[in-house]
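Subject: Structure for your review

Dear colleague,

Please find below the structure that I am handing over to you. My notes on what was found in it follow directly after.

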Amino acid sequence: MPNLHIMPSVLAADMGALRAECRRAVEAGADGLHLDIMDGHFVPNLSMGPAIVSMIREAVDTHLSVHLMLSRPDQYLDAFIDAGADTLHVHVEAECDVAAALAAIRGRGIRAGLALNPGTPADRVASLAGQVDELLVMTVHPGFGGQSFLAEVLPKIGDLRAAWPSVDIAVDGGINVEHGAETVEQGANILIAGSFLFRAADMRAEIERMRQAATLPGARLT
Ligand code: DX5
Ligand code: ZN
């Protein structure tokens, strides 16, 4: 079972002070940062591009997990890898050859991530086993921060862990201490949290609470 990692999602940061916000998260004990990239087509929102990722890369020395919510991620892989991504996630629902995109990401020497929307069944990714370093299980419908966790996704996390015993499994959307622990119990090991961590009065204390809850009896990582 892979190790537990807590990654704040920068979408919920104060965008007027992004460099300082990223440093604040790293100093609070984050294991990496999650960066949401949206094209206004795959999801009904726009966010940041490669120039922002590059700025964050220069600002902090930590793992950068870049989540491409793009209809055509294949057209932007090199741009985000050049900008400094350490893990690059493409959605299985994207309008491109997803297997080729995963191979291209690994071919550039970084980790390949595969994201699934809440309504996408676990068996939709089965044929891609062996080509993926991390599964990114959406626990909200992607596009916006601050949404409520969708508990109906929990059994899918368990199914994916059973089918993919050694791959990293991240959860993204509506994650806090309680929902993080529930997903770890199902087999998740990377907890991505935007609003909960960036809006917390004490981010360090909340990251620590997330770690503690994930190692309580009942959670699978004990
Ligand atoms: C949603 C994004 C998430 C988002 C999570 O489309 O992929 O990464 O930032 O934010 P919270 O934790 O606020 O739901
Ligand atoms: Zn995300």
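Strand E2 makes the greatest contribution to the shell around ligand 1, supplying three residues. E2 covers residues 33–38, and together with strand E3 (64–69) it belongs to the strands that each provide at least two residues of that shell. Please bear in mind throughout that this is a predicted model.

The surroundings of the ligand

In total, 19 residues surround ligand 1. Asp 36, Gly 143, Asp 172, Gly 194 and Ser 195 are the closest of them. Sorted by class, the shell consists of 10 polar, seven nonpolar and two charged residues.

Several polar contacts may be inspected individually. Asp 36 places a polar side-chain atom 2.7 Å from an oxygen atom of ligand 1. In the case of Gly 143, a backbone N or O atom lies 2.7 Å from an oxygen atom of the ligand. His 67 takes part through its side chain, where an N or O atom is 3.3 Å from an oxygen atom of ligand 1. Considered alone, ligand 1 exposes 380 Å², and the protein buries 99% of that area.

The pocket

Where does ligand 1 sit? Its site is the largest pocket, which holds about 310 Å³ of space. The lining of this pocket comprises 29 residues. Those nearest the centre of the pocket are Gly 145, Gly 146, Gly 173, Gly 174 and Gly 194.

Which elements each supply at least two residues of the lining? They are E2, E3, strand E8 (190–193) and helix H7 (195–198). By class, the lining divides into 14 polar, 13 nonpolar and two charged residues.

I would be grateful if you would look through the structure with these notes at hand.

Yours sincerely

Conventions:
Residues numbered from 1 in each chain as written. Chains lettered and ligands numbered in written order. Predicted model: local features only at pLDDT ≥ 70, side-chain atom pairs only at ≥ 80, totals over all residues. Heavy atoms only, no water. Near = heavy atom within 4 Å. Polar contact = N/O pair within 3.5 Å; in protein donor to acceptor, adjacent residues only side chain to side chain. Areas by Shrake-Rupley, 256 points an atom, 1.4 Å probe, with all protein chains shown as cover. 1 Å grid on protein atoms, 1.4 Å probe; cavity = no way out; pocket = protein on both sides within 12 Å on 5 of 7 lines; lining within 4 Å. Sits in = over half its atoms within 2 Å of the grid points. Helix = DSSP H or I, 4+ residues; strand = E, 2+ residues; numbered from the N terminus. Nonpolar A, V, L, I, M, F, W, Y, C, P; charged D, E, K, R; others polar. Points joined across faces, edges and corners; volume = space filled by probe spheres on them.
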